[in-house]
Structure formats: structure tokens, C-alpha cells
Amino acid sequence: MNKKLFTTLPIAAFLIFQNINVSAQTKQNVYHNTDGSVSMITFKNGTPKNSIINSKGNSTNLNKLLNISNDIELRLRKTEAGFQNFVTEYYDTYYNGYKIDGGEYRVNYKANDIISISGRTFSVENLNSNQNVISEQEAFNKALNNVNAKTYAWEEKSNNISFDIKKPKGELVYLPIQQSEDKYALILSYKFDVYALVPLSRDYIFIDAATGLLLKKSPIIKHAEGRINLHNDKKSESKELKNTSYLDTGNAETRYSGTREIQAELDPKKEGFYRLFDTSRGIEIITLNLNGLADTSNLTEFNDNDNNWTAAEFKNTNKDDVALDAHWGVTKTYDYFKQTFNRDSYDNKKAPLYSFIHYSKNYDNAYWSGSAMVYGDGDGVETDPLTALDITAHELGHAITQETAGLDYERESGALNEAFSDIWSATVKHKFAPEKQAFILGSEIFIKGGDYLRSMSDPKSRENPDTYKGEYWFKSSVDDGCLVPNSNTNDGCGVHYNSGVLNHWFYILVMGKNATNDLGNAYNVTGIGFEDAEKIVYRLETAYLSPKSDYKNTRDFGIQAAIDLFGADSPQAIATQNSFYAVGLGGKYLAVADTKVPSTPANLVANNTTGNATTLTWDVATDENGIWGYIIMQDDKEVGRTPNATFRLNNLKPLTSYKFDVIAYDNYNNQSSKSNSANITTTNLAAPCDVSSGFINYFSISNVKLNTINNPSISVKGYDDFSYLNTELTAGQSYNLDITPSILTGYSSVKLSYAVFLDNDNNGVFNATKRLANVTAAGSNVLSIPITIPETVTTDQPLRLRIIQMYNPNNTNITGCAQFVYGEVEDYSVTVKANLATDNLTSKSVKIYPNPVNDILNVELLNNKEFKFEIINTAGSVVKLGTSKKTINVTSLGVGVYILKITQDGTETVQKFIKK
């Protein structure tokens, strides 16, 4: 099995920290991810930045501080000045010269003082840095085969504006793929930005650089609605602009926001007419008409002859008045970020802001395309065009996230991505349209009224959760069953659904609330209002979060963001912490420290014990402020931590006695007394050789049947030790081993190799001589593999049976200690009994006759040498033994069936005969 990164670090609770000495002058608090890796370090006030990182961004000290391998290189990508004189440095992580996709850190400081470091990277242990890779062109062809579009963006040319998309180039990166909530593994992959127009999609597509297997599609296109997922166009170059004399202030009768003031430009190509171009803010804000097409080949401008854009002119059958909503909404969203945070466009570098109106036909969504908002006209039955203020702000919110946190659009990070866009939608409405419902998204686009997309005040009204992993929580991790994110089938493992938790956190932070959440925790939060809450959110998103951040990270980082801005123990920091507590994340703020210990875990038992493993289970402990996890003690030493009430221990020794105890700890690191002890003695089943079982996200085993074993082997681990499941087999006999594969949709044609090994001498090693079967098959149908148990096998004790499922495109020989990427390994055990009635020969050089026999049994061996013999009756008793070269006198035997066992030079042959 792959080893975890940072095994020397304990898993920490949300508020748990430990002190680390960087130098004699400073110390800081350290927070951890669930895998034990460092998620954040906060520094004592007055710590000089250059004591951690020098002016050239040298990260040598960072590796040591973050306890990451020196093989990982941190490269400074950019430095961005934030509001209130904060500065953030963005670091990417590299291994073997290749970027670790999503492995990023943020370093925050003010003046010369360092404040914090946050982020994460991933284990590079067991990575093969010398593997052969396929060509970029081959990988690109495989990427296109998986998209299978009719038209791609780089094949079209815009008639109106320089908005051309270039054919994508592949970038070699290490892709982290989730194996469990606390484990990622890396695969060297080609990453392509593939933008398809018909049908519409734009994804980062990752292709395994060694095998060409499709690994992941990460949506670039992102939507306001949760019905489908979309996002990103090529970024146009930012430009420094000056106000032009051709700009005039006009009035626009918008569809959703009444009459609003806008800036429009005299059209240089159409004398006497204005167009929806605004350069008054020093950037380009441009609104154009797609005319019902799905590409930019026929873009046109919206024009008006007096800069008084009236409903009489534009509330027409084409619903052109919605262009006025988009134009006004984008300028107000720009104004919000500029006025509130001094952020100059989404990239903070004056990037132009394009809005494309009337996308396609009956398109019931809107999306962000990297440098453009693209709006559909709705379905015309339930929805009107999606250009309302909250949707324009939502889409530009995705742009902010793209340039700052870069949150991956899947699982919990994707839910955070969506929530931040909803939060910015609420804040923009609050500032520029306070008459609107700030905490309701999308209510204005519904034709009949009374409907909406999402509610931040009551997420459950749209079946979104308001508590972390509470009611309506959508499966988001491998552990709870979402193996591979897919925007079409599982909402990217809950991207839109689970955004409700952070949405509700923001609502409570702003407005306050007194209630009890789904975890049974009562809370009473005093709101701090929009103006303070939005500052905390902006600092959280731009200075702390990184692509793989999750809800627990967000909780830790959010509290620190509030402390940065308002100070520890400030009303704002207290409200931030208590709002997270209200949505089920961490402990609440306590003016007086919690020193009460949790209840003692009860009824600890050990079961499913093998030669090297056992499973502990116990009753859940309780605490008035919540249990964070459990410490596993083996012979009075800590060997692991878990948030669950069960734990599988491996790496034990055969025929060895152990004592186990469990200690509960709460959100403030108070520890309970030890549980009752569970005492075991492992079996004599040898510990197996290590196996790298790779990823089960695409291919796995869902059931195994062998004799009396019938195991539904649903797992997320890639390797499972089921050797506590045993069945009795007979030497020399053949059996059918039935394996039911589980294959991800779209991979049913991929051929997989299956191998079965028996550790016939119980030494834990699986070499080629112990392989019972090796077959290749595709699909999810039950695979029935015939296996024959060797006669020369250790009998009457458990032996490990190993089953390997492997994606093996080069059809290389499979060994039982294989290192591979895709598939699953499962171990069982069998107890072999000697077969005293087999007709099968281990050597065809022996012949006996006559059979049946009356008195003299002739035995012919080709080598004509002396042999030892034993005659065994049906009760298993030896009734005659001796040595001979040719004949055996059986006159004295009674009538019946007997077994003749012949031994010569260490080789045994068993035959059956009948005495007349």
C-alpha cells in the first residue's frame, strides 16, 4: 500500500495547534489537514518575513517549516497587494520539474511582518520519476476522442473582435486524485484546455502520460444554475485605457432592474448611434449580441440613436432589453470590487469584461468564459434570459475565484467555488440594488414568479444542506461513494448542492441567527452586517484558500482572516467562528476555555484479526462541544487518529499479542480517559509483501465468490485485507473463482488483467510460481476464473489468497507484489486439506495394475528405482507401509477402496486402487 505523507504529524482538530520553534525569537500556531499535513501556520506578531523567506522568494525554509520533502520545489508565481496594505505571495509546488496540479501555498504579510502560510501539497513518495511517457500528440488525440465534438473553438474566427482560441498545448503535470478524504495520490498526466463549441463544453482534460487513459475532466465553464456545469474562454490582454470623449451617460430601461444609468460610446462605425461600450473606468466593458448562435462568428453590436435605451425600443420579441441588464450589472460588479477592495477587474490587472447576449437557442443558463459572461435566453416557458444582476455578479465571482483561490470545480472545493459566487451576488445586490432580495439567487428570471435557484437564508428550501454533512448533503468524497466527479451525472460530487453550507454561513455571519443545526448543536450568533462580513470573505478567498481547500480548511482560514482584519477576540472574529459552528464546522467561541473532557469511549472490541491486521470498533463518545476524533493506542503508544468509531490496524506481526485502547478528544483538544482494553493475538498467517494498489476510481472489484466465501467487497481503499474470511479447499481440486468487476461508465471496453495467487508455503511472498491464474477481460460481467489448488501445498493452516485486478495495457506479467496504478487488490485466506482420494498424478511416470487387485499389485516406475509406499484406508489410517521396486503384496487387506502413496526423492504420487 502507498504510504501517507507526513506520518510523523498528528491529525489536528479545527482549533488544535502546536508550537513549533522557527528560531529563538518566534513561534507560531500550526493547523493540519486530515492526513496530518500542514494546512496553515500563523506567526507571532512582529515576526520578520525575511526570517522565513528571503526577498527573492527562496523557499528552502518553507520546506522545513511545512515538513514537506526537499524533493518538492516551491516556486513563487505572483505577488498581489491586497486591500488594507496586506500582501499575498502565491507559490506553486513542483516535483521532478513538473507542477503538482493544485499543490499551492499562500504566504501573507503586511509591511515586513509575516502573518501566515496556508495551502497544501501532496505526497511524492513511491512516484516513478523515470517512467516512459507517450507523445503530446498521442495524448491530445485521446483527449479529443473523449470529447468527440463536432466543432472546436480554435477552428472558428470571430468577425468582430480578437477573441480567437488557440489550439491547446499539453502541459505535463502531476494530477492528485482523491483516494479517500485523507489521501490523494499523484499521476503524471498531460493537461489540455479543450474548448468545444458543438456540443458546448470546456474542460481541463487530463490524460495519463504513461498509458493514455482518460483520468479527469475538470470543468472550466461554470454556471449560475445547478442543472449543468460550464465556464472559461481565452483571456484577452488587459489594456490601460483613458476616458474618451465619445462616451456619454445614458439611461437604460432594463428588464429586471428598472431604469439605470449607464455609460455608452458613440459607435465609430455607425454615425449617430451609441453602442454598449464603456471605457470610463479605465477598462473595457463591452456587451455584444451573439444572435442566437453558439460561437462568435457573427457578433453584432447593440445600438441606440440617442443613448436613451427605452423599453419601447428594446423590450422586443428578441428581448434585447436584457443586454441592458448585463451591461449595467457588469459595470456595477466591477464597481463593487473596485470600490470595496480596490480590485481592478477580476485579474486585478484591468482585464476587459465582455458580455455575450442571446447565446444559442432556448439555452437555460449563463456561464463565465475566462474573459466573458455568456448568457442564454432561458427556455421561454419557465425562464427568461439569465442576465439579472445577481447572475452577472455570480459569473464574475467565478472569475475572481479563478484568479485567486483557483478552487477546483469538484467535491468540496467546487462547492466553495459556487458559494463564493453566490456570496458576491448577495453583496453586489446589497450595495447597488438594496430593494432586491440579497440572499435569494435567480428569482427574477422565472417568468411566472415565486421561484428561485438557491436561498442563502434557507438552503433546504431547494434541498441544499445548511449544515456540513447534514440533511441534503450530497455525496462528495470517495469515502461516501462519489468515486469520480462528473458534472452531468453527480454535479461534480455536489458542487451546486453543497454550496448551501457556506452560503448559510455567510447569511448567519451577516444577519445573525438563533437556532439548532442538523447535528443538534444550538447556536446564537449576533450578525456583523455586510460591510465587515464581505471583507472577511474577500480576505479568506484571495489570501488563504487554494485549489484543493475543503470546508474544514475554510473554517480555519476564515477565522484567521477575521483575526487579521479585526483582531483576536473581536466581535467579528467571534461571529465568524460561531457562524461556522452554526453550520456544523468546528467548535464555537468560548470566552472561558473548555476544560471538560469528553466521555470515555466504551465497548472497544477487536475483530477480523489476521496475521498482520485487526479492526477496532467502539461506541461513539460524547462532548458538549463536539467530538473531533479518536486517538488509537497500541500497547500504550499512539499509532493513529481517526474521526470515525472504527479503525483498521495493519503492520502487526503474526502470532503476537497486543493491547489496544482508544481516547476521544474534542474540538478544543480535551482528551477522555482510556477506553476498555481490547487484547488480541494475531494468527500465524504471514504478513504479505507490499502492493501498490493505485486507484479504484475507474476499475474495482465489487464481489468475490469462492466456495463458501461470498463477499460484497465495496471499498474505497484500492487494497483490502479480507484474509479473516476463510474457506476450506482440497489439494488437487479445481474451483471457480467468481469476480464481479465495477467499471466506471465509459470504460467498459477497457481490457483488464486479473491474477490469482496462493501463498502455498505461508511466507508472505507472491512470486510467479504461486500464480494460479492470469486472464484478461473487459466489462462488468461476472468473471468466472478456474483455479486448481496444487497438491504440494501446506495443509491444515490458513494461507493467503491474493486477487489482483489491474489495468495492464502492455500485457506484462503480473506479480503478486505488483506496483501498478489502476485497479484493486484483495486478500482472502483458504485452508487446504490433503486429498486422499485424488486420481490426479503429480508424475505420469507411475503405473499400477491390476486394478481391482486380488493379491499382488504391480507398480512400474520409469526410472525403475526403489520407492517408499503407504497404503491408506478410507478412514485415513495407514494399514501397510514399506519399500519396494516393483510389487506390493496386498493379500492381507480386506475388500474395499485404498489410497497408495508413493514417495521417491522427495516427490509424492497418490493413486487409488480397489481390493477384491
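Two strands are counted as paired if DSSP finds at least two bridges between them. The exercises below apply to a predicted model.

**Exercise 1. Determine which strands pair with strand 24, in what sense, and how strand 24 is placed in the structure.**

Solution. 

Step 1. Strand 23 (residues 366-368) is joined to strand 24 by three bridges, and the two run antiparallel. Given a requirement of at least two bridges, strand 23 and strand 24, with three, therefore count as a pair. Within this pairing, Tyr367 has Val374 of strand 24 as its bridge partner.

Step 2. Strand 22 (residues 353-359) pairs with strand 24 over four bridges, in the parallel sense. Here the bridge partner of Tyr354 is Ala372 in strand 24.

Step 3. Consider next the side chains of strand 24. Ala372, Val374 and Gly376 point one way, Met373 and Tyr375 point the other way, and all are buried.

Step 4. Because five of the five residues of strand 24 (residues 372-376) are buried, the strand is largely enclosed by the rest of the structure.

**Exercise 2. Describe the surroundings of strand 31, including its pairings and the hairpin with strand 32.**

Solution. 

Step 1. Seven of the eight residues of strand 31 (residues 627-634) are buried, and the strand is thus mostly covered.

Step 2. Strand 34 (residues 657-666) runs antiparallel to strand 31 and is joined to it by seven bridges. Tyr630 has Ala664 of strand 34 as its bridge partner.

Step 3. Strand 32 (residues 637-642) also pairs with strand 31 in the antiparallel sense, over five bridges. In strand 32, Gly640 is the bridge partner of Ile632.

Step 4. The hairpin of strand 31 and strand 32 has two residues between the strands, and Asp635 takes a positive phi near 50 degrees there.

**Exercise 3. Characterise helix 6 and its packing against helix 8.**

Solution. 

Step 1. Helix 6 (residues 411-432) contains 22 residues and reaches 32 Å from its first C-alpha to its last, close to the 32 Å expected at 1.5 Å a residue.

Step 2. Of its 22 residues, 20 are buried, and helix 6 is mostly covered.

Step 3. Helix 6 and helix 8 (residues 499-511) pack with their axes 8 Å apart, at an angle of about 35 degrees. Their crossing is right-handed.

Step 4. Helix 6 contributes residues including Ala415, Phe420 and Ile423 to the contact, and helix 8 contributes Ser499, Leu502, Asn503 and Phe506.

**Exercise 4. Classify the orientation of helix 9 relative to helix 10.**

Solution. 

Step 1. The axes of helix 9 (residues 529-544) and helix 10 (residues 551-566) come within 9 Å and cross at roughly 120 degrees.

Step 2. Angles from 65 to 115 degrees count as roughly perpendicular and those over 145 as roughly antiparallel. Helix 9 and helix 10 are therefore oblique to each other.

Step 3. The crossing of helix 9 and helix 10 is right-handed. Among the residues in contact are Ile536, Arg539 and Tyr544 of helix 9, and Phe557, Leu565 and Phe566 of helix 10.

Terms used: Residues are numbered from 1 along each chain as its sequence is written. This is a predicted model: local features need pLDDT of at least 70, side-chain atom pairs count only at pLDDT 80 or more; totals for chains, interfaces and linings use all residues. Side-chain values use heavy atoms; hydrogens and water are left out. Buried means under 20% relative accessible area, exposed over 50%, partly exposed in between (1.4 Å probe, protein chains only). The expected span of a helix is 1.5 Å times one less than its number of residues. Axes are lines fitted to C-alpha atoms, for helices over the stretch in contact, and angles run from 0 to 180 degrees between N-to-C directions. Angles under 35 degrees count as roughly parallel, over 145 as roughly antiparallel, 65 to 115 as roughly perpendicular and the rest as oblique. A crossing is left-handed if the near helix is turned anticlockwise from the far one by less than a right angle, and right-handed if clockwise. Contact means heavy atoms within 4.5 Å.
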